[in-house]
Amino acid sequence: EDKKYATPNVDVRGVVFNDDGHVLMVREKIDGKWSLPGGWADLGDSPAEAVEREIREEAGYIAKSVRVLGVLDRNPFLKEPNAYYIYKIFMRCDLVEQLPDFENSETDEIGFFPVDNLPELSFGRNTPEQMRLMGQFWQQPDLPTLFN
């Protein structure tokens with residue numbers, strides 16, 4: 001007998017630093033707030049393929065995944081409990097090239113921001129605490145992978 005049970009969804013987020021240690025963010029059209037480029041991992045994509053696709057689609061860059069920085073359960077970071085379980089995989093990525101004439105339907109602006117001075121965050125996508133944790137990898141790139 002095949003028994004089905006609920007499993008977490010997987011959300012991937014690309015953590016891209018420029019030479020000044022500022023992090024790449026995208027402004028979401030749905031709420032006008034900012035997040036790391038990312039989204040749902042699609043069936044058939046590895047986590048690296050998924051985050052590279054999301055960076056291309058949302059930020060207009062070809063990127064290469066280089067390291068998993070964290071695998072975190074989303075719920076402990078939210079103020080109110082959520083019925084949906086989501087595992088967030090944060091991956092350090094390097095930019096390879098910027099795509100010309102980039103447009104998409106999900107985001108309307110991209111920018112690099114200091115981790116200690118971020119624009120208003122889209123909380124379902126990333127929280128201030130998650131951003132603080134990811135920012136530590138700029139100063140200390142060899143920190144162990146975070147997980148909870």
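Predicted model: local features only at pLDDT ≥ 70, side-chain atom pairs only at ≥ 80, totals over all residues.
1. The five-stranded sheet. Five strands make up an open sheet whose order is E4-E1-E6-E5-E8, and the pairing within this sheet is mixed. Strand E4, residues 38-40, and strand E8, residues 146-147, are at the edges with a single partner strand each, so one side of each has no neighbour in the sheet.

2. Strand E5, which covers residues 61-73, pairs with E8 in the parallel sense, and two bridges join them.

3. The three-stranded sheet. A further open sheet has three strands in the order E3-E2-E7, and here the pairing is antiparallel. Its edges are held by strand E3 (34-35) and strand E7 (107-113), each with a single partner strand, so that one side of each is left without a neighbour in the sheet. Strand E2, residues 23-28, is joined to E7 by six bridges in the antiparallel sense, and Val23 is placed opposite Phe113 in E7.

4. The helices. Helix H1, residues 47-59, lies across E4, E5, strand E1 (9-15) and strand E6 (86-98), and its direction makes an angle of about 120 degrees with E5. Helix H2, residues 128-139, lies across E1, E5, E6 and E8, at about 45 degrees to E6.

5. Glu52 in H1. Which side chain of opposite charge is nearest to Glu52? Glu52, a residue of helix H1, is buried and has no salt bridge, and the nearest side chain of opposite charge is that of Lys64, 4.3 Å away. A polar atom of the Glu52 side chain does, however, lie 2.9 Å from the backbone nitrogen of Ser65. Apart from its neighbours within four places in sequence, Glu52 is in contact with Ala63, Lys64 and Ser65.

6. Arg92 in E6. Arg92 belongs to strand E6 and is likewise buried without a salt bridge, the nearest side chain of opposite charge being Asp94 at 4.5 Å. Beyond its neighbours within four places in sequence, the contacts of Arg92 include Lys64 and Ser65, and also Phe137 and Trp138.

7. Gln98 in E6. Gln98, also found in strand E6, is in contact with Gly60, Tyr61 and Ile110 once neighbours within four places in sequence are set aside. Between Gln98 and Phe113, which are 15 residues apart along the chain, the C-alpha atoms are separated by 18 Å.

8. Neighbours within four places in sequence aside, Thr145 is in contact with Arg67, Val68, Leu69 and Gly70, and a polar atom of the Thr145 side chain lies 3.2 Å from the backbone oxygen of Val68. Ala63, by comparison, is 82 residues from Thr145 in sequence and 20 Å from it in space, C-alpha to C-alpha.

How values were computed: Residues numbered from 1 in each chain as written. Heavy atoms only, no water. Pairing = 2+ DSSP bridges. Helix = DSSP H or I, 4+ residues; strand = E, 2+ residues; numbered from the N terminus. Contact = heavy atoms within 4.5 Å. Axes fitted to C-alpha atoms, helices over the stretch in contact; angles between N-to-C directions. Polar contact = N/O pair within 3.5 Å; in protein donor to acceptor, adjacent residues only side chain to side chain. Buried < 20%, exposed > 50% of the residue type's maximum accessible area, 1.4 Å probe, protein only. Lys, Arg positive; Asp, Glu negative; His and termini not counted. Salt bridge = Lys/Arg side-chain N within 4 Å of Asp/Glu carboxyl O.
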